[in-house]
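Please open the model in a viewer and follow the stops below in order. Each stop names what to select and then describes what is found there.

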Amino acid sequence: MAKRIGVYVCHCGGNISDTVDVEKVVEAIKNYPGVVVAKHFMFMCADAGQKMIEEDIKKYNLDGVVVASCSPKLHEMTFRNCVARAGLNPYLFYHVNIREDVSWAHSDNPEEATKKAIRHVKAGIEYVRHAKPLEKIKVKTIPSVLIIGGGIAGIRAALDLSRMGVNVFLVEKSPFLGGRTAQIWKVFPTGETGKEIVRRLIEELKKRDNIAVYTNAEIESFSGFLGNFTVKIKVYPRYIVKKHPRITEAIKKCPIEVPNEFDYGLTKRKAIYIPYEGAYPDLPVIDMKHCNKCGECVKILGDAVDFNQQPQTITLNVGAVIVATGFDAYEPKEGEFGYKKFQNVITLPQFERILDISNNEEKIMFNGKEVKSIAFIYCVGSRQIPTGPEKVNEYCSRYCCSVTTHLNAELFKKFKDLTIYNIYRDIRTYGKYETYYEEAGRKGAVFIRYDPNDPPQVCAEGDKLLVTVRDLLTNREEIEIPVDLVVLVTGMVARENKKLEDILKLPIGRDGFYQEIHPKLRPVETNIAGILIAGTCQGPRNIQETLASASAAAAKAASIVLRETIELEPLVAFVDPSKCNLSKLCMKECPVNAIQEKEYEGLGVKAWVNEALCIGCGACVAVCPTEAIQLKTLSTDQIRAMIKAMAEEI
Amino acid sequence: MVRTNPNLIREIKKLGAFDITACYSCGECTAICPLSENNFELPRMMIRYSILGLEDKLLSSPQLWLCYYCGECSESCPRDADPGALMMAARRYSIIKYSLGGIARIFYSKIMSIVSLIVLSIIAGLGIYLFKESLDLTRFDPFSLLSYEFIHTAGLVLAVYIAVIALLQGIKMYNYIKHSALEGNLPAGTKVKNLIKSFFIVLFREALAEQRYSKCERQSRYVAHLAIFWGFILLFIATTLDYLKNSNILGLRESYEILKAIDIEIFGVLARIIGIIGGLIGVYGSIYFIYKRLIKDDVYSEYSHASDWVFLVLIFLVILTGFLIDIFIYTNMFLLAYAMFAAHLIFAFDLIVTAPFTKFAHFGYRLIAVWFYEYQKLKISK
Amino acid sequence: MNKLACDVVVIGGGIAGIQASLDLANMNYKVILLDSGPSIGGKMILLSKTFPTLDCASCIATPRMAESTHHPNIKILTYLQIVSIDKHDSSFEIKILKKPRYVDESKCIGCGRCSEVCPVEVPNEYEGGLVPRKAIYIPFPNSLPNVALIDKENCIKCGACERVCPVKAIDRNQKQEEVLIEAKAVIIATGIDLIDYSKKIEYGGGKYVNVLSSYQFERILNATHPYGHILRPSDGKIPRNIGYVLCVGSRDLNWGVKYCSAVCCMYSIKHAIMALHHLHDAEITIYYMDIRTYGKGFEEFYNRAVKEGVKFVRGKVAKIEEDPETKDLFVYLENFDTGKVEIRRHDLVVLAVGIVPTINDSALFKAKLNVYGFIERKLIDVDPASTSIDGIFVAGTAAGPMDIPDTITSASAAAMKAALYIERKG
């Protein structure tokens with residue numbers, strides 16, 4: 001039990017001291033039982049503050065430290081490390097939050113806020129008085145990483161990890177890698193095709209021997225803990241089991257034609273298919289939903305086709321997981337800006353496919369007619385304004401302005417006498433992308449600004465379209481724009497992936513995308529230790545940003561799995577076998593099945609906690625009838641003492 | 001409801017607004033423009049009309065003519081879109097559109113304008129050749145080149161020509177810009193009063209003093225512009241006086257006692273003095289602009305169009321040849337003086353015939369626009 | 001000459017450099033982190049709060065700074081100048097010149113008594129020149145290393161500091177010192193500066209006292225605020241009517257830079273929200289062309305500002321004029337809502353000044369720069385941390401304007417690439 005406690009109250013440069021009278025707090029607790037030193041300081045987290053604590057620990061031979069400052073989320077680790085440097089067990093430290101909980105919450109009432117701060121600090125002192133020294137839990141790590149999603153984010157992360165000597169399992173739901181990037185006509189800033197970018201990444205991937213690629217595969221189950229996860233994946237059959245020189249011929253022979261989803265149905269594919277030339281793996285797949293097993297392909301390919309192939313379940317052991325499942329393009333509602341009502345209203349991804357498919361033509365052709373004028377309508381499915389209880393996409397999709405203005409410039413470069421109208425809300429070509437906006441304008445693109453409360457209307461005029469809009473740049477003049485094609489600049493939406501989200505328990509933000517733990521401190525980590533996120537599953541971003549986040553996630557994964565062991569916080573439950581009467585209530589309550597039965601010497605079979613699995617939620621503590629099970633970092637005794645101290649008169 | 005037309009900006013771009021589509025509509029040009037005023041904002045709205053292809057809106061905007069191309073908009077433009085050049089190009093476009101049958105188009109092509117000038121000069125030269133009298137080489141007597149009657153008639157024809165075209169084109173322009181009239185109706189009496197009042201404002205402030213121009217930052221340009229205008233006016237007065245002195249019209253003197261008292265020679269002296277002053281400032285003004293357009297050191301002079309040159313060069317040549325006539329008279333080189341006189345007439349003919357279609361036309365359209373604008377201002381000030 | 005060796009040299013001790021160093025150090029590489037200034041922390045540590053979460057910048061940056069200082073794999077060198085970077089077959093040789101602080105770093109305890117007695121006052125660059133600092137000073141409250149330095153140019157050699165220093169740390173005879181570092185890879189994280197807005201004569205060119213740069217306003221809003229409250233410099237009155245001018249130098253071919261600075265819209269909205277929290281009934285108007293709230297949670301932040309009463313007026317401010325008597329300001333713009341040219345009065349005008357790269361010696365860094373002076377990323381579409389030189393990587397805003405989350409991500413990516421380069425695996 002700590003007898004020599006140091007208390008440190010932080011000003012947080014005014015964040016706290018503007019409301020809470022920190023000197024009064026120090027005054028109030030400096031004679032509290034057990035307190036041998038109490039101080040206040042401008043920035044406790046600054047090096048000088050930390051040094052002060054370290055010196056005091058040595059000088060006063062402290063056996064407990066309380067810091068009253070910001071949220072422990074921010075600095076608990078900072079101060080734990082600080083006291084550890086001075087030789088004190090880091091768990092003999094308590095972090096009292098008097099900023100978020102006190103000064104910020106009660107900025108209108110400094111007097112009461114100061115009192116509240118005193119109560120909190122006293123509770124903190126009681127915590128430390130009853131705290132026990134603890135050791136971190138050491139776990140062996142498995143030097144492998146699972147990457148979910150075979151788009152460019154997944155491939156980039158796989159390549160980086162593979163080069164660091166980490167084994168990678170790359171799992172892709174669809175039959176081919178490359179994701180959405182491959183669908184893009186021209187990518188900025190280089191003007192390459194999306195396929196070219198994917199091809200370059202795949203070329204590298206082919207050279208690696210420590211990346212196992214599973215396409216047509218899904219995650220089935222997930223268990224374990226940071227450094228040691230067990231994942232079951234289900235690999236669905238491809239029905240083509242090996243390469244064959246006459247594959248192209250076999251595909252040609254297939255009598256079944258269905259719309260090619262890769263081209264949004266603009267082209268057709270067969271039931272046995274490769275969606276585009278150069279797709280990887282370069283092995284076709286048979287789409288059993290449409291195949292009628294006529295056997296035409298078997299005649300050519302022989303035993304390369306195996307209709308009896310069955311789904312396979314594979315168990316993988318990995319130290320970390322990177323989720324890179326990407327995005328979905330927003331699908332406009334029927335009638336939204338004339339979508340699906342008029343044939344020549346299409347979305348940006350569809351337009352990219354049209355341009356890519358007809359890359360060798362000198363004109364833009366759509367439905368057999370030349371397209372000479374285009375209107376892009378921006379912010380379709382993004383920056384939506386809530387009008388009722390229905391959830392809308394309030395966010396900005398970030399990438400569309402740069403992509404579309406870049407596309408403007410590329411179109412002018414390739415096609416002559418084109419007229420392009422951009423009907424926008426704000427052009428958000430941040431950073432160097434501004435040059436695309438400028439170039440588009442300079443080449444003749446017309447920009448028209450619309451009011452989201454009075455959006456443009458699309459109607460037909462002969463075989464053309466007529467867009468009517470009030471232009472905010474021209475004194476709200478109502479103008480009619482006759483065009484051949486309307487392209488809806490659709491944003492990104494979070495991908496439907498309920499099953500995976502449930503299995504991994506992924507945290508989801510308000511916008512539907514996966515939520516990082518902190519956008520600045522830890523932008524690629526989630527609140528589940530060991531699960532990282534990369535690319536557009538986290539939120540809209542462009543290719544460069546996606547690749548950077550993939551490499552960042554790879555760096556985090558590498559720093560987890562490349563250490564032989566990792567240390568976990570001892571924030572776990574433990575059983576006092578002498579008190580346990582094996583009611584087994586705790587086992588029923590545990591959400592992660594961390595409590596088992598175990599033979600204790602001389603005491604018989606009692607409950608036992610697997611520390612590596614325990615998440616420290618405390619559900620077991622609440623149900624234990626004999627108080628035999630306790631959290632190491634927060635015992636019932638501590639809680640009682642803290643409440644008592646808090647309730648004391650000031 | 002108005003419909004966009006992508007061809008308008010293509011046309012206007014050909015007339016000099018090369019970078020205008022780079023405009024991202026920030027409004028800096030309009031806020032910085034010393035001539036921009038509420039209800040008559042410029043130049044940004046003109047840019048929008050041009051880019052969107054709202055031709056009627058553009059041609060109905062008196063703002064085009066309220067601009068003197070100070071260049072402050074172009075200098076501060078964050079996109080280097082050169083709004084001033086757009087205003088100039090739009091004015092050129094309007095001159096074509098306001099001109100009868102779009103004939104002014106000729107003067108916006110280099111080749112066509114040179115050809116038409118040659119043709120006009122040949123017509124004038126032929127006229128002089130066909131109607132020439134016998135030259136009196138002992139002294140300089142203009143009527144020994146062309147008879148008084150011929151000059152009189154030709155002058156009358158040209159005056160009628162200018163008047164008719166100016167009237168027709170002015171009406172055409174007015175029919176456009178009247179759509180920009182501000183809301184509100186005034187009693188007939190006030191209307192007339194305002195009309196007269198605004199006319200005098202235009203006459204004294206705008207026509208004679210170009211007061212709006214003086215708001216521009218570059219005062220040297222304002223002075224040069226005013227110099228051309230006043231040089232031209234003074235020379236016109238001098239020519240008229242000289243003509244009066246030499247013409248039979250002064251036979252009227254015989255009929256009226258009071259006129260007899262006037263010494264004829266005073267006309268000559270006055271004509272000389274006014275002519276020299278006018279010539280000097282006219283030469284200064286035209287050389288200033290020719291020089292600026294050659295060295296292209298300023299935003300407004302960076303791009304020059306055929307019509308700018310036609311006007312500038314002709315006015316310069318007219319003044320120059322006028323000077324030379326005098327010089328040759330004083331140096332007793334009468335043959336050369338006659339030659340110069342012929343050249344002077346040819347250039348003056350070219351200048352007058354092309355005036356309604358070249359930059360000269362600015363003068364007329366600007367006065368109408370400013371009159372309209374001053375009238376509208378009086379309307380809302382009430 | 002001192003010689004040091006490590007795996008990676010990180011140039012620039014801002015948040016990008018710190019993050020890259022920490023990531024590498026956690027992967028067990030030895031890192032030397034260099035900063036030309038007297039403290040690490042870069043621009044971020046000087047900010048008030050960060051968008052869109054409004055958590056305070058020092059709360060995020062300070063622990064990172066402390067962590068990097070204490071990390072066994074990281075050595076930090078500050079107050080220096082890079083002399084040369086040379087690439088040999090498998091290594092880099094970086095020559096630096098450590099500038100004298102005239103204070104012994106190993107002795108100084110950062111008590112600040114020297115500054116208290118120093119009689120010389122000069123404008124404090126860390127506070128945007130709004131308040132003075134002394135000739136001997138600690139740059140800012142949480143600087144690291146937390147030691148003083150003497151600004152030789154302004155020091156009058158009175159000796160007051162020497163007399164009060166409790167640890168006798170002041171050393172006038174300190175000389176500059178050459179250090180040679182051998183490393184296997186280099187990360188450039190040199191960050192950004194503000195555009196020199198005195199070039200914009202129409203905005204007063206820095207002459208009007210009540211026209212502040214966004215950085216100055218950032219400092220005024222900071223928890224350690226120089227004035228203790230939001231006040232306007234001319235008369236110390238609380239401003240009731242603040243005008244905020246966006247795109248000052250950004251997106252401006254006329255006198256600024258061609259690109260968009262990517263952060264100004266968001267920091268301006270942040271300032272407006274923060275100012276509104278301090279000055280409840282103040283009127284805050286943001287003059288904009290396009291509001292670029294493109295990142296995660298940004299649009300929601302913008303909508304919040306609108307709801308809280310921040311006025312957004314579309315129109316680029318063409319010029320600012322000062323009333324010589326009251327020092328009030330008049331901004332000229334075309335207001336797109338009314339279509340009219342308006343002249344609006346404000347007590348205080350803040351300029352959202354754009355950003356430019358700090359690098360001014362391209363030859364020194366070897367890596368190719370793009371036309372704007374940012375480091376050119378060679379394989380931008382497959383590997384955004386790469387530069388034109390193998391083994392030199394770029395992190396954060398040295399590669400172009402970006403916000404803090406993107407900076408941190410790019411720093412981690414650069415760390416990954418540097419590690420891969422050292423391993424030469426692939």
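Select chain A and chain B: six salt bridges are counted between them, a salt bridge being a side-chain nitrogen of Lys or Arg within 4 Å of a carboxyl oxygen of Asp or Glu. One of them joins A:Glu461 to B:Arg3, whose closest N and O atoms are 2.5 Å apart. This is a predicted model, in which local features need pLDDT of at least 70 and side-chain atom pairs count only at pLDDT 80 or more, whereas totals for chains, interfaces and linings use all residues. Residues are numbered from 1 along each chain as its sequence is written, chains are lettered from A and ligands numbered from 1 in the order in which they are written, and side-chain values use heavy atoms, with hydrogens and water left out.

Keep the two chains selected and show the whole interface. Here 28 residues of chain A are in contact with 23 residues of chain B (contact means heavy atoms within 4.5 Å). Chain A and chain B bury about 2,000 Å² between them, with 48% of it on carbon and sulfur atoms; buried area is the accessible area (1.4 Å probe) that two parts lose on being put together, summed over both. On the chain A side, A:Arg442, A:Leu473 and A:Glu480 lose the most area to chain B, together 29% of what that side buries.

Next, select chain C together with chain A. The contact takes 75 residues from chain C and 77 residues from chain A, and about 6,200 Å² is buried between these chains, 58% of it on carbon and sulfur atoms. Ten salt bridges are found across this interface. For an example, display the side chains of A:Arg383 and C:Glu299, which meet in a salt bridge at 2.8 Å, N to O.

Finally, stay within chain A and select helix H11 (residues 400–414) and helix H12 (residues 434–442). Helices are DSSP runs (H or I, at least four residues), numbered from the N terminus. The axes of H11(A) and H12(A) come within 8 Å and cross at roughly 40 degrees; axes are lines fitted to C-alpha atoms over the stretch in contact, and angles run from 0 to 180 degrees between N-to-C directions. The two helices are therefore oblique to each other, the class left for angles that are not under 35 degrees (roughly parallel), over 145 (roughly antiparallel) or 65 to 115 (roughly perpendicular). Residues making the contact include A:Phe412 of H11(A) and A:Tyr436 of H12(A).
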